[in-house]
Structures are given as structure tokens and as C-alpha cells.
Amino acid sequence: MHGRPRKASKPEDEAASITKAQKLRALQTQFFSFHHSKIYTKEAVELSAKLLEINPESYTAWNYRKLAVEHYLSQPDCNPESVKSLLDDELRVVESALRQNFKSYGAWHHRKWVLSKGHSSVDLELRLLDKFQKADSRNFHAWNYRRFVAELMNRSEKDEIKYTEDMIYTNFSNYSAWHNRSVLLSSLLEKKAEGFLLKENLLPEEYEFIHQAIFTDPDDQSGWFYHLWLLDQTVTTDHPLLVSTWPAHGSDVFLVGDRCQNGSFSPFTTVLSDSGSFPIVLYFNQPVKGVSSSTVIIECGFNKNEELLWEPLSVSNSQTAQVWVAHLKCPTSEHDSSVEISVGYSKEIVSPRGSQYSHPSTFSFKVHVQPVERDSSRVSVAENILWREENFKVYRAQSEESIPIPSFDQLCIKNGHESTASNWRTEALAKEVECFRELLSLMDCKIGKLTLARLLMAYDVMSFPFANKLVHSEEVLELYNDLMKLDPTHHRYYKDEHSLVLLRKMTSSEESLLQHCFQYKDSVSSAIGNPICLRLNNLSLSRIRAFERLLWVQMLDLSHNELESIEGLEAMQLLYGLSLGNNKLRSLTALEPLRKLKSLRVLDISYNQIGDHSIDTTRYLCSSPLSHSVGSELNDVALINYWEAFYMFKDLNLTQLDIVGNTIADEKFKSVLVKIMPLLKRLNGELLD
Amino acid sequence: MEDIPPYPPIDPTTFDLIVIGTGLPESIIAAAASTASKSVLHLDPKPFYGSHFSSLPLADLPSFLSTHSTSPSPPRPRSSEDSNEFSVLDLSTRPLYSSIDISVFSPDLLDQNSRKFNLDVAGPRAFFCADKSIELILNTGANQYMEFKSIDATFVGDNKGNLLNVPDSRAAIFKDKSLGLMEKNQLMRFFKLVQGHMAGEQDVKISDEDLQSPFVDFLNKMGLPPKIKSFILYAIAMADNDQEDTGVCRDLLKTKDGIDQLALYNASIGRFQNASGALLYPIYGQGELSQAFCRRAAVKGCIYVLRMPVTELLVDKDSGCYKGVRLASGQDIFSQKLILDPTFKVTLPSGLSPPPPLQAKLPFFSQKDDRGKIARGICITMTSLKPDMSNFLVVYPPRSLFPEQATSIRLLQIASSLAVCPPGMYVLYISALCNDDDQGKKLIHAVMNTLLTVPPINSESNAAVQSETAESGFAVQDENAESSSTGPSDPGEGKPTLLWSALYNQELTLGQVDFICSTPMPDGKLNHDDLIDAAIKLFKKIYPEDEFFPQTSSENPEDDGDGDGDDDVSLET
């Protein structure tokens, strides 16, 4: 029951509970002796009923009763009538136990068990439930059981939705009722394919309904929860879609064997390829599975017979990921060729919910290969990337016409078929925005501000492909700034959201992105082909996301932020140099996404907090040395003490690492690192032998 | 009424207190005095309980009203001047109802059912679940003799016949279809402010300055739109007079009182499990309330004699002090104290000079209330004003029906489920404060014309039977010609058709605490709280030493059985 104060117990109550405990203990002893010797006589079964009436939490007694029922059912002389009366007895016992405590898991479960035997009247159950739900309308056991009964008797969703409505009208602070409503509506929506109901008709009505609750009492949480569910329903498209790719559609990719290549190639599309292959990245709007050489068809002038191996880019080892990568081997001789890739012509790419990728898309690009000169002695000995201010020059396009970032609007796959279909979504969001602006004009309300921020962002993202601009990003950033001040308890959440909006804003247009593009050029290494570095430093970012427009980036500066995690960075497959200096990374395992970056050579993780905290809270995400047999050149002690380092750096092909300014980085650790990474040329700026 | 059995002699002949009339205040005082171990004789000249608070069969209502509308007959010449100790003062009735207007449109239908009606003389009246009357009923155990039902809803009406739901609780605001989202938010925030203030939360305390200001100013200050303001003032705080008319309004509600009313309303919702709304109505009508207190008094030893008119008052020859009463049976009964119901007027027998102290006091006995009169109307229909609902209250705020409407009009529809009428019928009680008879009629007719179809009088089969007091036909047509002609007054428009109506104006008299104490007439309020206060005041006056229903919760002689649920009123679902 909700809202009933607990009374302090009196001395006489205590005495009573002692006698009760004694009685219960005696009963229990006797019950166990029956149970262990498998006695299912009438007296024995009645004893268990008595026990359960006093203590409905006695799981063993419930199980004993189940055994007793099974025992009876296996008797040769049982007939349908006696079975029914036996099960009715069970229902009675459950009912009296529930009267004692209607939140008893065991009792509700036993009732389900009896009902699923299929001999009892289901109608009675609904009547019983009505009683229980009237007594406590937020008892989630009763609501759970209600779903079970409704399914058993094939009660229509509409009737059940009506029931939630009645309960909500009695008291709208009923999270259980709202939740059940969302469950029922989801199940109705899933039947959409059978011409049942359309989201676009249903959601506006639900919005209208929840507004009544939210406006009447904005302090009540249940309404906001339901609104959040509705927002999610509005924003998520059912079907997976391809959002962006690398290489982008219509782009020219220049592959060069080493960095000595001078040429007039755009630094944005020139890729160093010392492994003789380049990655193809598919970025979807939601995690999908089933990306393979049979679902993604590739046609190109070279590499005719080889099947591509598609790999999910997710930190957990599941076969579901939002980003997938495959490496295409390129010819070793000078070569120009076009590549065409088709996604989704067979229906095996599906979301975890089971929605198919149903809008096939095709993209193509041109590849220009420069012959690879295998002259490793020249490569990278002198190379030393210094993340110094003076080494970054504001990028200016060399000629007026040249489009620096590979045709920016091509970065995103245009899903024209979605544009008309999602009209109702943007309309619904616009309506919501207007509604909550009104609420905020009446009163100051934290959750109202948060909701408005979410709505504006969702609206911008939804209408983005057409507007090509995040119109409200300034306002949203302001809202989050406001919230950080108003609600310090949730400061970190707002900070994270703020960071993500900021990133989205910076990547939203070519103009804004170019402001963060710099050309790296240091005094010594004139040989380096002046790569473009995206500098997102000093922005006090606490989280990063929105990589779909950054797939082309080869050099990224995230230094002087407040990052604790770099989740999602694995999507940037072309990354060659990365600075994470002066952030708040607390452990080596936080670097996990880097393990997926095969082209990463230069890494700066100096001045973080690695090693500050003896307990690594993300440790469980990383597999343990005990579950691996590594034929290692390291001795066991080093392996166990520096397992994380081994795990993290073993598969990276780093040539340059800066780790100074972390507690963990003592001399011993450095020597371990050198052993783990034989390719390492520079550690903390010092040239290694 | 011809063959009344001979009056039995009453024994004993001396009491602590004699109460004449069985209206609500009298009954409460009788019960309280009996509880305080006084010997009490409770008399009523009528054959039923309740006096001006009674619920009567259809046929009896007109005659009850008319007997109390005539001026007293001139004092009878006193023949027997037998007593030497006492002066004898005549006790006569005075007119309390005027402009009585009974119209019968379906005599056949009603005649056969007359006894199935329990019509409240002092309607419309209801209880707030948490008001003083309910507290008193619970404290005294009078709840054993009554059953209640919840009134389903409150509406605010307009001159087009629309009834707008009054969103009076969180759930009702949520559910309401006529309020905009902003209005919902504003109203709920205002309710929360009041709740917070009542709970003594520091950050939402309403300042003393605000508490002393007019409630309407405070509502304006809170920025509430006119519609919501009107809901709060007239349908929740139940203000009688136009609060916006701040210069003229006779009783301007202060914020403090307004907030108290809101708190009462709020506490009433959900107080009892089976009561959905804030208001309750007793099964068998309001007359049950007086009767319940009489039964309570009888349990404590009060002696009841009905059908016993009291003809004279006996006062001490020299001091003019009250001594006793002379009954219609001729018996003299003596007591220390006397309570009279407002029906009675004390007059001097002709040709006698009263003791000097009385000469000064008598002219002021039973003063009228300066608030004027109250217009009441009772209508009977065959269909509900709202198709899906039986029992509800409708409030017409000032100026909602016509520009000169200075007071709010309340209408209470009660269905047969409350045993006030035969199955399938509905009783509508209407009342409004007014200054004179014409104004009163206009107010009641305005509501009737808005909501009801009044059938033509001259039809032969439905020959209207007029009561002897009504001098002309039904007055609706001519008096309110303008308002009935504005709207499309097609009779078949779905408005309920009127079967019967009684319109009358009632005097408002104040209770009197003097050499003789008299009780007040029913007031213009919806609930009984002011009347209970008056009864308490009278009791305190005559028995300053005694406690008014002392709290003896454990002792409850009538309650043998399940003793657990008795802090509840009986509610029928």
C-alpha cells in the first residue's frame, strides 16, 4: 500500500510476535518432515496450507503443494471433477495467502501455475484482480498477473487499454497503469503490419492524454515517464537505415603507400595504406545484425573473387552493432577503379527487435591507387607528431572550387523514402515543443526543461536531413547549462547531454566543422603530407558521440576535455593519430574502443588519471587473463600485474605513445609497454632503440 | 386530521428544559441537553419530526407552507384567568413563507404517488463529507440512524442550459474536457498552494495581508482566469453574493474564509471510501437529520410528544420570568428553560398589561435576518437534467443567467435512488437569496426556464390544479418573457418536462438568545454548519456549565456488534 505511515510496534505486539514465531516454527518442523518423506496425505497438505496462511513467503511450502498436486494428478483414480476441486482448493489457499500479503511472489506464482493447468475459470480471476487492484492500484504483482490472465483468456488489448484508462482516471499517479498501457500499445503497434493501428494515428492521441496529466501536476513522475516512452516511440524508426558510409557516395579516394607522396590530392581523402587495404565503414541508425558478404554486395574492378569479411564494431562481443567495417584489399599497382556497394537487397539485415532493413541503398566511389613503395626504413623514423599549438594551422582550401570535406552533404545517405513517412514525426515533435514552451512560460520546472531540450534536439535531428542545420542547438545548450545550475545532483547527466549536443552542433554543417579543421605541419617533418587534424580540444566535453559525419577523420585532437569514456570512437576506422591528453580517463580499460582502430599509430593519453584509482570500475567489461591462454613473451608476473596494458596495447600497432602524467606510468610500466609493443618507436617523446 | 386522539396527560409535569418544534437546531439542543443529564420535554404541534427542516410527502407540502404563511389570528379573548401566580402570554404563529406558488401539470401521475415523496422544505441542502455536521453526527452517534449517498458531481450552469463540470480535485482536473492545459495547470497549482498553506508548509505560506484581503482579489493576484475564479468562488467556496462587485457586495468573502472553504472541500473529497465527490445527501431526505438527533435525545431520556400544540406561555406575574407552558390539552408543564422554534410569536392577550420587564423585550422578539429572504423552488421531472447522472449540484454564479442576478442560485437534483421520489422521477431543489418576493421569483424562474420545459397550463387533460394561495396561472410566461424568447424555446428540445413545482419565499430569522430562546429558520447555505453553530451558541447560553456533547468515545450504548467501523457514516453504494 502506498502512503500509509508505519506504526511503531508496542511491547505487547512484540510478545505476540514471539508466540507467533514459536507456533510457526513448530508448524514448519512438522511440514518439513512431511515434505522430506514425500507424504501427500490430506492432513499433510492441509498443514502446508496453514503454514502458508501465516507465512505466504514460504517457497518450499508452495513447491510442496505443487508436488502434491502433481502426485495426485498421477494417481490412476483421478477424474476431471476431482481435479477441478483440487485446483480450486489451491486457488483458495493462494487467495488467503494473498489476503495476508498481496505482494507475495510465491503466492502469485503459484496461482499462475494453477491457472496454466487450464482447469480453472479465468473470469473469476479478473474479478479477484479488480478487488486487489482497487485495494492497491499500484501493486505491480497484480498488474503482472493481470497481463498473464488477459493473455490466457485472450482479452483484447482494447479492453485492457480501456481498463488502464479507468485506473488512470481514478488516480493518474499510477505508474503501473501507464506502464501497462505502454505495453499494450506496443503490442498493438507490432500488429501494425496486419493493418491494425498506425503509430501516426495513435501517438497524437496519447500525447494529448498525457498532457492532461503533466499539466495538471508537473510534479508527478509517472506522467513524465510515459511521455518519455512516447517520445521514444516517435523518434525511433522501426526499420534500420544506413546513415553514412566511408568512403562517401560519389567521393574519390586516394590511396598512397606512404606519406612521402606529394601531390595535389585533397588531404581529406588521401589515405595512407601500408597494409595494402582500406576500410569500408557502414554506419546505421541503430544496431543491426546480419551484415555479411551476402547482404552487402560489392562490385569493383579489382578484387573480384574475394568475399569481404564484415566485422561489427562494438565493444561487447555481440554480433549486433551500429557500425560495421570490412577491409578491401587494393591492387599494388597504380590503378583507378570505381566501387559500387549495395546494401539490403536481401532481407537479412535486421534490428534486434526484428525489423528488417527494407530500403535498399547503393553507393559508389572511385579509388585511385598509387604504387606502394615498400621502403620501411624511410617511413616514420623521423616521424614525431607533437600535439603543440604551433603545429596546427587553420585549414584553408587551396582553391576556391575545391570542396575540402568529401562533398559534405553526401556524407549522409539521403533516405528520400523516409522524408514523407516521417512528416508526422516532425509535426508531432513540433507540437510537443510548443506545448512544453507553454508549460515553462507558466512555471519553472526542471523536468519540463529537460523534456524541452530533448524534444528540440529530437526535432532538429529529425528535420536535419532537409534543413541541414540544427536550428535549436544554442537554445538546447542553454537549457542544459541552466539545468546544471538548477539541479546539481544530476550535473553529470546534463553535462554529458550538453557535450553530445555540442558535438552534434559542430558536426552539423560543413562551415562549423571546418572551423575545427587544422593542418598539421611541424618544423622538422616537412615530409609528412600535412594531414588534416580535427581539433575538438578545450571544449569541456564529458562524452562523445555523433561520429557518423567524422568517419573520414585521420587525426583527432580531443585533449583538454573531461572525457571519462571514449565509447563509440571505434567507428573512426581511419584514425591514425589521436590525442586524449588532459582528460579524466581513469583506467586503461576505458581505452577499449581503440582496440578496434587498426590504423591508429600515434596515441597521446598523457595527463589522465590512469592508475589513480586502485579499483577499476570498468574492469568487468574486459576479459580476464585467466580465461585466456596467451603464449606470451612476457613473464607471468608482468602479465598478471599489467594484464590491462597487455590486453589493450597488444593488438594496437602504435608507433608513438605518450602516457606521461598518469600514476600508472612508472619506469617499470614503461619497460613493459616497450615489450608489449615491438613496433613502438617513441614513448613519451623519447626515441626508442 | 379530524380524529386526533385525545391528548394524553404528560407525567412528570416539571422538566429542566422544554423544547418546542423539532427542527434541526431544536433537535440538536434536545439531544445535547439530554446527554448532559437534563430532563427534557420535546414537543411538536405537527404529527411529524423536523418542523421547517422536515421532508414531507407531496400532498402535505403545500398545506405545511400555507399554514405558515398566514398571519396569526387575532388573540383569542382570554376567559380563564384562573391562575394567581402567572401571567399568561399567547403563543401564536407568524408568517414565514410568502408568495407560495404550486403548479401541478400531471395530477394523475403524482396523486397516486404522493406518499412516495419526501420533499425537503429547506432544500437544496447537502453535507460536505468533512463538515461540522458530519463531525457532529459521528461524534454523537446519530450516524446510526441515517444512511447517506454521495452526490456525483458539481456543475456550473450558464444561460444556454450548458452544465460545466467543476474540476474540484486532482483527478477531476485531469479528467476535465473543458479546461485547457494552462487552466489545468493554474488551477492545480492554486489547489496545491491552498493545501500547502493548510499543512503549514513554510515556503507556501499565504501572507496575513493576503488572508485579510477579499478572496476575489487574492484569486486575481494569483492570475486565475475568470472561468476558474468563478468555479472557485461560487461552486467550491459556495459564495452567495457577487464577489466581483466589491463596492456593493454584502458579504465579501475574505481570503482566509475562502481558503477554509477550499480546505473543507478538499478534505471532503475521498474522506469516505464510497463517496466519490465532496457532498453527501441522506437517504429519505434532509428531514432524517432532525429525526436522528431526536432519536439520539430519546435514547438519553428525552420525552417526545408530537401533535401537541402549545397555546400559552406562563410567566411570573411579578418578575416576568418564564415559568412554563400551557398545552393544547390544557395541561400546564413547568421547566427552567424553554427553546422555541421560529414559528412562534409571543403576544400579549388583549386587555392585559404584561409585567414590566416584558414590555420592553417583546417587540424585539424573533427579529428578522437583515439578509432578506430566501427564494426556494421544488420541481419534479421525469428525466434527469444530465442523461448519465442522477444526483448532482448545479451552481449559477451571479450574473450568469441575467445581468441583474445579484446572488448565486443553487440547484440540487436528487433521484429516486435516494428515496425522495417514486422510481424514474427526479426532484430539483432550487434556492437563492433575495431582497423581496419579486426578485426571488425572478431568480427561480430564470433557472427553470433555462433547464426545463414548462407545459401549457390550459390543456384539459392536464388541468392545472392551483393551490388556493396562487392567485393567477403560472407566472413564468409573463415575468421572464425576454429570457425565454432569446433562446430557441422549442419545448421538445430535450429539456426535462416539469410535472409539478412549488415556489415560495422563506423569511430568514435569526436565533434569539433572550428571556426566551428561539432557534433560527433554515439559512441560505448549502450545508448545516451555521445552523449547528447557532444551536451550540444557544446551548451554551442556557447551560454555560455543561459541555456540548462531551467526547465519550468509548461509551456507545447502542453499538453492540462490530465496533470497529463506527467512525464512518453509512454510505450506500
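Predicted model: local features only at pLDDT ≥ 70, side-chain atom pairs only at ≥ 80, totals over all residues.
In soluble globular proteins, nonpolar side chains tend to be buried together. Here the largest nonpolar core comprises 145 residues. Within that core, Leu569(A) and Phe649(A) have the most contacts. For Leu569(A), the residues touched, leaving aside those up to four places away in sequence, are Ile544(A), Phe547(A), Leu556(A), Leu558(A), Leu575(A), Leu578(A), Pro593(A), Leu594(A) and Leu597(A). Another core lies apart from this one and has 72 residues, including Ile102(B), Val216(B), Leu224(B) and Ile380(B).

Charged pairs come next. Side chains of opposite charge can pair when their charged atoms come close. Over all chains, the structure holds 44 salt bridges. One of them joins Arg146(A) to Asp130(A), with 3.7 Å between the closest N and O atoms. Because Arg146(A) sits in helix 7 (residues 140–152) of chain A and Asp130(A) in helix 6 (residues 123–135) of chain A, this pair ties together parts that are 16 residues apart in sequence. Arg146(A) has 2% relative accessibility and so counts as buried. Asp130(A), at 34% relative accessibility, counts as partly exposed.

A salt bridge in chain A also pairs Arg535(A) with Asp557(A), whose closest N and O atoms are 3.0 Å apart. Arg535(A) belongs to strand 12 (residues 532–535) of chain A and Asp557(A) to strand 13 (residues 555–557) of chain A, so parts that are 22 residues apart in sequence are tied together by the pair. Arg535(A) and Asp557(A) are both buried.

In chain B, a salt bridge forms between the side chains of Lys525(B) and Asp240(B), at 3.7 Å from N to O. This pair links distant parts of the chain, 285 residues apart. Lys525(B) is in the loop between strand 23 (517–518) and helix 16 (529–542) of chain B, while Asp240(B) is in the loop between helix 9 (226–236) and helix 10 (255–268) of chain B. With 26% relative accessibility Lys525(B) counts as partly exposed, whereas Asp240(B), with a relative accessible area of 7%, is buried. Elsewhere, salt bridges that share partners join residues of both chains into one network: Asp217(A), Asp219(A), Asp220(A), Arg170(B) and Lys192(B).

The contact between the chains can now be taken up. Chain A contributes 23 residues to the contact and chain B contributes 15 residues. About 1600 Å² is buried between chain A and chain B, and carbon and sulfur atoms give 61% of that area. Of the area that chain A buries against chain B, Tyr169(A), Thr216(A) and Leu442(A) supply 41%, more than any other three residues.

Across the interface of chain A and chain B there are 4 salt bridges. Asp217(A), a member of the network described above, forms a salt bridge with Arg170(B), in which the closest N and O atoms are 2.9 Å apart. Between chain A and chain B, 9 residue pairs are in polar contact. On the side of chain A that touches chain B, helix 8 (157–170), helix 10 (199–216) and helix 13 (423–442) of chain A each supply at least two residues. Helix 10 of chain A gives the most to this side, with 6 residues. By residue type, the side of chain A that touches chain B divides into 12 nonpolar, 7 polar and 4 charged residues.

Some backbone details remain. The peptide bond between Trp246(A) and Pro247(A) is cis, with omega about -5°. Pro247(A) is placed in the loop between strand 1 (242–246) and strand 2 (252–256) of chain A. In chain B, a cis peptide bond leads from Asp11(B) to Pro12(B), with omega near 5°. Pro12(B) is in the segment before strand 1 (14–20) of chain B.

Asn154(A) is not a glycine, yet its phi is positive, at about 60°. The loop between helix 7 and helix 8 of chain A holds Asn154(A), and Asn154(A) is exposed, with a relative accessible area of 68%. Ser51(B), also a residue other than glycine, has a positive phi near 45°. Ser51(B) lies in the loop between strand 2 (40–43) and strand 3 (55–56) of chain B, and at 4% relative accessibility Ser51(B) counts as buried.

How values were computed:
Residues numbered from 1 in each chain as written. Chains lettered and ligands numbered in written order. Heavy atoms only, no water. Core = buried A, V, L, I, M, F, W, Y, C linked by side-chain atoms within 4.5 Å. Buried < 20%, exposed > 50% of the residue type's maximum accessible area, 1.4 Å probe, protein only. Contact = heavy atoms within 4.5 Å. Helix = DSSP H or I, 4+ residues; strand = E, 2+ residues; numbered from the N terminus. Buried area = accessible area lost by both parts, 1.4 Å probe. Polar contact = N/O pair within 3.5 Å; in protein donor to acceptor, adjacent residues only side chain to side chain. Nonpolar A, V, L, I, M, F, W, Y, C, P; charged D, E, K, R; others polar.
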